[in-house]
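Hi there,

Here is the structure I promised to pass on. Have a look at it first, and my notes follow below.

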Amino acid sequence: MQIHHTIADLRAARASAGKVALVPTMGNLHEGHIALMRQAAEKADCVIASIFVNRLQFGAGEDFDRYPRTLAADCEKLAAVGVKHVFAPDEAEMYPQPQRYHVEPAPAQVSILEGEFRPGHFRGVATVVLKLLNIVQPDIALFGKKDYQQLMVLSNMVRELALPVEVLPGDTVRADDGLALSSRNGYLSDDERARATLLYRLLCRIRDAVRAGNHDLLKLETDAMDELAAAGWQPDYVAVRRRADLQPPVHMDDPLVVLAAARLGRTRLIDNLEI
């Protein structure tokens, strides 16, 4: 496996790589990332993983400075599953001057849910992903469903800008107790980790209720928010939305997803389940 720290080196390697799948990450890899790498290997001749903690997508007071940087351990995991190239630039390589051009996703898609609580987040995500796509020029790019709104935003960006890349989603990988794997789970204390499964259980309850014909979405959402608060969480949202655009459903036979975000102690967790 080759590790590239410059755009020039990565592009030189990519030129002879055949059909390429890109999996962008911020590192501190877990089994969810590795599942994406395995999925990518089934679709392409060469998997390129990027590792870059992108300052543009972090808001004021968020964890940019303390986000775990674990490049050596990450590269060991990637080599073990056959990833051929890792693109690991530093900030000076990715942003040799302040980034003055940005991707502005559709306001209706990024002013809701995560975007309401993390203003500017998706602007930063879309900008860095477009830059990575231009650098790597992959045939395929893979993103996990755990960050459902991010997947929607990036899929729409690729489609509306007519980028020559196929976006593939990867299923959420969970621990045995249902907690969605996330790089930020490491922030949880032992007690918080034991309590964190409540979020998944509530999502399952809502999913099952809707499938059983309960269409009182407001009550389902409100009850879940109340239960989180009563258990000592700080909930931001629990919402049943259309999968296509994450807007409130008009017809209950539309493909739906239930999404939630809540803070447990100092750690903010997000999760979702398709209905």
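Among contacts in the protein between residues at least 6 apart in sequence, what percentage join residues at least 24 apart? The share is 72%, with contact meaning heavy atoms within 4.5 Å.

Before the rest, a word on the basis: this is a predicted model, where local features need pLDDT of at least 70, side-chain atom pairs count only at pLDDT 80 or more, and totals for chains, interfaces and linings use all residues. Residues are numbered from 1 along each chain as its sequence is written, and side-chain values use heavy atoms, with hydrogens and water left out.

The protein has 11 helices and nine strands (DSSP runs numbered from the N terminus: H or I of at least four residues for helices, E of at least two for strands). Buried residues (under 20% relative accessible area, 1.4 Å probe, protein chains only) make up 52% of the 275 residues. Along the principal axes, the C-alpha atoms fill a box of roughly 55 × 40 × 35 Å.

The axes of H10 (residues 197-211) and H11 (residues 217-230) come within 11 Å and cross at roughly 165° (axes are lines fitted to C-alpha atoms over the stretch in contact, and angles run from 0 to 180 degrees between N-to-C directions). That makes H10 roughly antiparallel to H11 (an angle over 145 degrees). Residues making the contact include Leu198, Leu202 and Ile206 of H10, and Leu220, Ala224 and Leu228 of H11.

Best wishes

Notes:
Parallel < 35°, antiparallel > 145°, perpendicular 65-115°, else oblique. Buried < 20%, exposed > 50% of the residue type's maximum accessible area, 1.4 Å probe, protein only.
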